[in-house]
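Hello,

Here is the structure we talked about. Please open it first, then read my notes below.

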Amino acid sequence: MRWGLLSLCCVLCLFFRAGGQELFILNEPASNIPKHTLGVRAFGNTYRELNAQRNMGALRLMYGLTPKLTVMATGTLSNHHDTILPRFLADHTHSGSQTAGATGTVVKGLKYPYLFNGIHLYAKYRFISKDGRNEHFRAAVYAEGSFLKVAHDETEPNLLDDTRGVGAGLITTYLKDRFAVSFTGGVIIPFEYNGYMLNNYYLGPEYNVQTELKYGNAIQYNLSFGYLLLPRHYKDYKQLNLNLYLELQGKSYASAKIRQTDVHGTTDIQISSPLLLANHYVDINPGIQFIVRSDLRIDFSVGLPLINRSYVHYYPLYTFGVQKYFYF
Amino acid sequence: MVALCFFFTPLHAQYKEAEIGINGLTCSQCSRSVELRIRKLAFVKDVQMNLEHTEGRVFFKEGEKVEIGKIASAVKDAGFSVRYLKAVYHFGNETVSKDKCLDLSGDHYTFVRSKEQSLTGDVPMTFLGEKFQEKKEFRKWQSYLKSNCAGGYTYFVTL
């Protein structure tokens, strides 16, 4: 929290003193990929969850169908989830590679494998463009949907790699000289997970409990700032570009609902785990980006909690990415 | 024979180069996107971008028909807009006059607010229209853009 506020103050001071880039590391700008251009982005994140290192890797293909319409498809791989929901789902907490229940019993042996989570699709349509010399204001609408089947055990929906569902929203981006600012507001409507919850390690899978987990609907609100630090003066494409970013990512979501079916019938489960209860938070993500030969983007950011915290990851959350365009 | 060859040579080489100002650009990667889109045009020989001033110079291949409108479209396809577009045309003693339709290299041209004169040699022309100008400039010229050409697309230019 303290580091988050400190970095927010430092970067905001820098921005307002000088004035950017909208090639944001985490949030999408309202601008599009050029028509008939393919963008390829490999990115991932990692964080330490007590004794376990959680990793996610993604490959994104982006294409400019028209100057105003960009489509994207992203496949993700991670060790964030088990193959089924954890034991004591309604009152569980995470402890490294283990899941702890309300009884205080630490269930050993839960090792999360690397799994292919599924595909995330995204489309963005730019409907306002007000261009000036070294500046522009743009607005776009986006829609997204994900085809995932992973045993995500927190209520916070995340369409990229955690929950199946749909989402939509609005992006506005203003860019002037070296400074860029962008706001994204949107909704996420996750679909429920139908699967099984682990009942007992020593019993066979036939004893696992059939579980419907309805994740909470969410609204997200992201604010990104970008600043072109280098070069001070453009001469040619060979100059290394250095961009600084500060991205705020906020989300507010509802509590989960759990319904389980066993030999006794179907029951709505009372939830006590904070991982499954309504919450709102804002993360702050300072980041740095290098653009090599005006072609290859290499970026890195660190996520820290600013207001409350997210329960789908620990902090600091390190994100890295490499991106390149291919022109057809 | 030489006369016949000359007669059948396509008269497409009259455009020498164009200069284009681009709005909305602030990064070198964006500038490169614009350059690569323009370079895809069959009649373009070379492009030199000025990143600092967000301007570009476009050089044309000899013997190829230059379609100025496609340069503006390439900028738009890259996600940006044209601030201004000027092109140098090699005239061979053609007479232009205000609002008169003139055919050059197979395209219709209307010279807006230009006095009657004969043009010879390399003459820069500024293209007018929503596609070639930023909005506030276009609004100043909009009322003058009336074509007297019969059929087809008309380029509005001023000297």
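Start with A:Ser310. This residue sits in the loop between strand 18 (296–307) and strand 19 (317–327) of chain A. Strands here are DSSP runs of E, at least two residues, numbered from the N terminus. The model is predicted, so local features need pLDDT of at least 70 and side-chain atom pairs pLDDT 80 or more, while totals for chains, interfaces and linings use all residues. Residues are numbered from 1 along each chain as written, chains are lettered from A and ligands numbered from 1 in written order, and side-chain values use heavy atoms, without hydrogens and water.

Is A:Ser310 buried or exposed? Buried, because its relative accessible area is 0% (buried means under 20%, exposed over 50%, partly exposed in between, with a 1.4 Å probe and protein chains only). Its side chain reaches the backbone nitrogen of A:Val312 at 3.2 Å. Leaving out residues up to four places away in sequence, A:Ser310 touches A:Glu156, A:Tyr281, A:Asp283 and A:Tyr315 (contact means heavy atoms within 4.5 Å).

Now chain B. Strand 8 (residues 154–158) is mostly covered, with five of its five residues buried. B:Thr154, B:Phe156 and B:Thr158 point one way, B:Tyr155 and B:Val157 the other. In a regular strand, side chains alternate between the two faces of the sheet.

Strand 8 of chain B pairs with strand 6 (residues 107–111) in the parallel sense, over four bridges (pairing takes at least two DSSP bridges). There, B:Tyr109 stands opposite B:Tyr155. Strand 7 (residues 117–128) of chain B runs antiparallel to strand 8, joined by three bridges. B:Thr126 has B:Thr158 as its bridge partner.

Best wishes

Terms used: Polar contact = N/O pair within 3.5 Å; in protein donor to acceptor, adjacent residues only side chain to side chain.
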